[in-house]
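Dear colleague,

Please find the structure below, handed over for your records.

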Amino acid sequence: MNSFFEYFADIFRAVKSLLTGMKVTGRYFFSPWEIVTQQYPENRKTLKMYDRFKGEVIMPHNEHNEHRCTGCGICETACPNGSIEIIQAKIDMPDGKKKRIIDKHIYRLGMCTFCGLCIKSCPSDALAWGQEFEHAVFDRSKLNKTLNQPGSSIIKDIVE
Amino acid sequence: MKEIINLPVKNVEEEEYHINMGPQHPSTHGVLRLVVSLQGEIVKSLKPHCGYIHRGIEKMCEKDTYPQIIHLTDRMDYLSAHINNHAVCMLVENALEVEVPERVKYIRTIVDELNRIASHQLWWCSFGMDMGGLTCFFYGLRDREKILDIFEESFGSRLLHSYYTPGGLMMDIHPDFQKNVKAFIKYFRKKIKDYDELLTGNIIMQLRTKGVGILSKEDAISYGVTGPSGRASGFACDVRKHHPYGVYDKVVFNEVMGTAGDTFERYMMRMHEMHESMKIIEQLIDNIPPGDYTTKMKAVLKLPAGEYFQRVEAARGELGVYVISDGNKSPYRMKFRSPNFSNLSVLDHVSRGCKIADLVAIGGSLDYVIPDIDR
């Protein structure tokens, strides 16, 4: 007789535990304001990433098309996987000396692991994080970027 | 035709056969292949085949400098990325005898615990999904999103942060960090009740996990099963408690211990640990001392020649980092003692005699992350 009651008590407990779970899902079903889903491609206009978001490495230029990169190559050494390549050029200064400047700052986004060591190690703060995150392209050669813009030059007051 | 008819009839009950579970199987949580030897539905033995996602991280470390190693450790156990970083950073700091500021220790401890909660939340999602409850998956990820938002705001990325550097942190915490963490704790204390209502008390889940895959304390110790899985068997192995690092010696928390050692106990360990982690964060979040977020380190870090070892409590168990240095800027040899590898090694032992369906539950409760096993 005891096991008979035990049998039905088990069934009752089982149904109760299932109903407890259903109560949780039911509560969310009837409170749609608690939905946290973002409609991503639709909200592109209003989507704002956090200030520190690591989208890609960029080299900020000012309004005169000037950057802060001296071409010292510390970021190239700091990078753990060879995403950065510095191609330097030498120009003749008015006083007859030769000065090293940057010709191309090549950044391979496809190899970058976003560790931030290049930005941290840069002595002249030439690099920064960009907010762009939609990096999908049809050809991987498009992931190799030149960070210094064509015709750009270094800001005058930067010294090595 | 006659020959076929005269074939001896084998008893299907006694015949052993092998099936492959994985490498592409949702319940192995990655590319792990288990060759399961079955008799009927009963698991006779099991052979894990690792190496599908082997990237040679330990070898890659030998050419990298110490600050560069940090970003590789992110990619081992990606669910406790901060804690992996912490191990390498502490090893370098101890070897160079650098004292990091108190502020750094506080922030590291808070972030480690947030990472542990996030990891356990994801484990809860996937465990619920393994048990057949897809609702858990969405609810767990919804709450994990709150932590990832905090991470993204402060450290710039959601999964692989590389936030710690030898000697300090990459940058200071965001001004809103404390406010957001406190808001999260308040939010999650409310939501964790849903977890219990939805899955812990569920009769199907309880019947599938209680008394399944029992691991005794002796076996847990001899296999080196650490973390929540080891503590469920009564093996006191919490590195935070027994060998405190960071500011764990200044906070009050319980080392959650179990006795039964079955799948349900391993489940409950992680549920309790989330409460304990929240307790730790609450004690620290208002007391972050002011100061520098990093110490001045040399441009090139060279560890003195010798052997170094550092261990931390990752979300899945004890992570050890072992370095042999010959005095150069990169290690001569680097070895990680990953908790997941030891936890996986016990799977054959605990699943013998269980049904093949229970293997999914046992594997889920051991909570292995495959990139950490293969490295």
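Of the 160 residues of chain A, 16% count as buried, a residue being buried if 20 or more other C-beta atoms lie within 10 Å of its own, exposed if 12 or fewer, and partly exposed in between, with C-beta atoms placed from the backbone. Please note that this is a predicted model, in which local features need pLDDT of at least 70 and side-chain atom pairs count only at pLDDT 80 or more, while totals for chains, interfaces and linings use all residues. Residues are numbered from 1 along each chain as its sequence is written, and chains are lettered from A and ligands numbered from 1 in the order in which they are written.

Overall form of chain A

Chain A has three helices and seven strands; helices (H or I, at least four residues) and strands (E, at least two) are DSSP runs, numbered from the N terminus. Their order from the N terminus is α-β-β-α-β-β-α-β-β-β. The radius of gyration of chain A, taken over C-alpha atoms, is 29 Å, well over the 15 Å that the globule rule (2.2 Å times the number of residues to the power 0.38) gives for 160 residues, so chain A is more spread out than a compact globule. Along the principal axes, its C-alpha atoms fill a box of roughly 110 × 35 × 30 Å. The domain assignment, which is automatic or from a database, gives domain 1 (2-34) and domain 2 (45-154) of chain A. The C-alpha centres of these two domains lie 58 Å apart.

A sheet in chain A

Three strands of chain A form an open antiparallel sheet in the order E3-E4-E6, where two strands pair if DSSP finds at least two bridges between them. Strand E3 (84-92) and strand E6 (144-146) of chain A are at the edges with a single partner strand each, so one side of each has no neighbour in the sheet. Three bridges join E4 (residues 98-108) of chain A to E6(A), and Ile106(A) has Thr146(A) as its bridge partner in E6(A).

The contact between the chains

The contact takes 22 residues from chain A and 20 residues from chain B, two residues being in contact if their C-beta atoms, placed from the backbone, lie within 7 Å. On the side of chain B that touches chain A, helix H3 (66-73), helix H6 (134-155) and helix H7 (177-200) of chain B each supply at least two residues. The largest share, six residues, comes from H6(B).

Yours sincerely
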